[in-house]
Amino acid sequence: MERQGRGGGSATVGAFSGKTADTTTDGGAAARPPTARLRRRLGRADLRAVPESRRALRELLGPWGRPEQCAIAELLTSELVTNALVHTDREAVLTATVGPRGLRVEVRDFAAREPRPRVPAADGTNGRGLVLVESLADAWGVRAHGVGKAVWFALDAGAAQYRGGASAA
């Protein structure tokens, strides 16, 4: 499903693999819950994309995880989106994939400079984004691209329950 977001960005939300096969140790196939994905273009320096990205992620995560896990995902997503838009002054692309093993969120920008966690000043309002990502995500990292990079985080499904009935683990 393609949707136009405010600020000119488009988002794609939907299940991409309704029945994916997972090979088991005995060579058979085991059915997995569907994988859902969000992809959104973020306009250059358009900070309206931050709450819009949180809202789109909340919609994607509807059946996944405990409320506190979804709140962490929204917080970390807003940090990555904000960093990409504020520190690069370029467009970015948000991709989130949720499936039986967990959630992976990636924000790709088109600036070569790698982000680095820093110790925020006690009275400052900046510098906490990557510290939060490092503290709250099960995994995170930076992946270089030909032009730019992608900063990503993952939350394991083991800490969440798929509200479609079965455990997401």
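Is R143 buried, partly exposed or exposed? R143 is partly exposed, because its relative accessible area is 35%, where buried means under 20% relative accessible area, exposed means over 50% and partly exposed lies in between, with a 1.4 Å probe and protein chains only. The structure is a predicted model, in which local features need pLDDT of at least 70 and side-chain atom pairs count only at pLDDT 80 or more, while totals for chains, interfaces and linings use all residues. Residues are numbered from 1 along each chain as its sequence is written, and side-chain values use heavy atoms, with hydrogens and water left out.

The helices and strands named here are DSSP runs numbered from the N terminus, helices being H or I over at least four residues and strands being E over at least two. Strand β8 (residues 139-144) pairs in the antiparallel sense with strand β9 (residues 149-156) over 6 bridges, pairing being assigned if DSSP finds at least two bridges between two strands. Within this arrangement A139 has A154 of β9 as its bridge partner, and the hairpin that β8 and β9 form has 4 residues between the strands, with G148 in the turn showing a positive phi of about 95°.

A search of the whole structure finds 8 salt bridges, a salt bridge being a side-chain nitrogen of Lys or Arg within 4 Å of a carboxyl oxygen of Asp or Glu. In one of them R143 is joined to E106, with the closest N and O atoms 2.3 Å apart. Since R143 belongs to strand β8 and E106 to strand β7 (residues 102-109), the pair ties together parts that are 37 residues apart in sequence. E106 counts as buried, because its relative accessibility is 14%.

E74 forms a salt bridge with R54, the closest N and O atoms being 3.7 Å apart. Because E74 lies in α2 and R54 in helix α1 (residues 49-60), the pair ties together parts that are 20 residues apart in sequence. E74 is buried at 8% relative accessibility, whereas R54 is partly exposed at 27%.

V105 lies in strand β7 and is buried, at 0% relative accessibility. V105 and E74 are 31 residues apart in sequence and 9.9 Å apart in space, C-alpha to C-alpha. Leaving aside neighbours within four places in sequence, V105 is in contact with residues including L57, T77, L80, V151 and W152, contact meaning heavy atoms within 4.5 Å.

A92, in strand β6 (residues 92-99), is buried at 2% relative accessibility. The C-alpha atoms of A92 and R44 are separated by 7.3 Å, although the two residues are 48 residues apart along the chain. With neighbours within four places in sequence left aside, the contacts of A92 include R40, L42, A84, V107 and D109.
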